[in-house]
Amino acid sequence: MFSLKKQRLIMYPPNTTTLQQDLTRFQSWASNIGMKLNPTKCKALHLGRSNPLQEYTMLLNVNTQHHIMTTTEEKDLGVIVDSGSTFSKHIQTQVNKANSVLGAIKYTFKAMDPTAFLALYKSLVRPNLEYASVIWSPKLKRDKDALEYVQRRATRLVTGLSGKSYEERLQTLELPTLEFRGQRADMIQMFKLVHGLEELNPAPCSECGKMMIQPALNVNNRGHDFKLQIQHEPRPRDNFFTRRATRNWNGLTHDTVSANCVNIFKNRLTKEWKNKPERYHYRFSY
């Protein structure tokens, strides 16, 4: 059993025909090597407001064309991708999982000191709220609040801290906000991409002509030598990784971004951001 994903940027009607041809060619190739596909399990996910929502087909048998089912959301490598690219469904799913684990911890341990709590929370609860966060980083305030509320609820379980404010509990436990952790994850991913530690196609997109990351056009500005050009994207893409992470990346010191490896970068980033306001402070909308 295997999973296949095929995508194409649809900017004008001929692209829909090209995508249909891609599907037909792939099915023909699979048939030639004796691989049987199941069109009834295939789904089409349309992204973008101007998407023509074209229907696509695959050959079910010799004489029957099967119309591929259209969906508004689909799980891919553990992340639920939705047609609006908000990832709200994924965030709510992960919040529910984290709350379930937190509930089990609450009823199993009647009292917890900071050491026991941190060991349980960091290993069983927080991973549900952070897995692949670079991909689905929350855009909407209600989604940010939902994530942070799980940690706020969790820190009340520590003996002697329930009467303190959320910020005071975080400072006592030396536990950063999830918003801060998300920004940190963005910087680590950006470091890997800039220094070639993870593969990235350097060529611009063949359809829109844009590169994922591009060196800053003005090299005379103050700061480090790895500054990137801030990309101005339309509103639906204003929270994409390269858009939201570039300003923080450009604001780091040369000593931090020029680290020899990821672990050294993490240590230097921790020191540089030790007084960052978002580290222990989060403002809920309710």
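## A tour of the predicted chain

The chain has 10 helices and six strands; helices (H or I, at least four residues) and strands (E, at least two) are DSSP runs, numbered from the N terminus. This is a predicted model, in which local features need pLDDT of at least 70 and side-chain atom pairs count only at pLDDT 80 or more, while totals for chains, interfaces and linings use all residues. Residues are numbered from 1 along each chain as its sequence is written, and side-chain values use heavy atoms, with hydrogens and water left out.

**Whole chain.** Start with the C-alpha trace, which spans about 70 × 55 × 35 Å along its principal axes. Of the 286 residues, 36% count as buried (buried is under 20% relative accessible area, exposed over 50%, partly exposed in between, with a 1.4 Å probe and protein chains only). Among contacts (heavy atoms within 4.5 Å) with a separation of 6 or more, 60% are between residues 24 or more positions apart.

**First core.** Select F117, Y121 and L129. These residues have the most contacts inside the largest nonpolar core, which has 29 residues. A nonpolar core is a set of buried Ala, Val, Leu, Ile, Met, Phe, Trp, Tyr and Cys residues joined through side-chain atoms within 4.5 Å. Now color helix 2 (88-108), helix 3 (114-130), helix 5 (141-155) and helix 6 (166-173), the elements that give two or more residues to this core. Helix 3 supplies the largest share, six residues. Next, center on Y121: leaving out residues up to four places away in sequence, Y121 touches R126, P127, L129, Q151, A154, L175 and L178.

**Second core.** A separate core of 19 residues includes L193, A245, W249 and V257. In soluble globular proteins, nonpolar side chains tend to be buried together.

**T242.** Go to helix 8 (residues 241-250), where T242 is placed. T242 counts as buried because its relative accessibility is 12%. Beyond its neighbours within four places in sequence, T242 is in contact with M212 and I213.

**Helix 7 against helix 10.** Show helix 7 (residues 178-194) and helix 10 together; their axes come within 11 Å and cross at roughly 140°. Axes are lines fitted to C-alpha atoms, for helices over the stretch in contact, and angles run from 0 to 180 degrees between N-to-C directions. The two helices are therefore oblique to each other (angles under 35 degrees count as roughly parallel, over 145 as roughly antiparallel, 65 to 115 as roughly perpendicular and the rest as oblique). Display the side chains of R184, M187, I188, F191 and K192 on helix 7, and of V262, F265, K266, L269 and T270 on helix 10, which make the contact. By class, this contact has six nonpolar, one polar and three charged residues; Ala, Val, Leu, Ile, Met, Phe, Trp, Tyr, Cys and Pro count as nonpolar, Asp, Glu, Lys and Arg as charged, and the others, Gly among them, as polar.

**N263.** Stay on helix 10 (residues 262-272), which contains N263. N263 counts as exposed because its relative accessibility is 52%. Draw a distance to N239, 24 residues apart along the chain: the C-alpha atoms are separated by 27 Å.

**Two loop residues.** Finish with L77, in the loop between strand 5 (73-76) and strand 6 (79-82), and E174, in the loop between helix 6 and helix 7. Phi of L77 is near 55°, a positive value in a residue other than glycine. Phi of E174 is also positive, near 55°. Most residues other than glycine have a negative phi. L77 is exposed, with a relative accessible area of 67%, and E174 is exposed at 59%.
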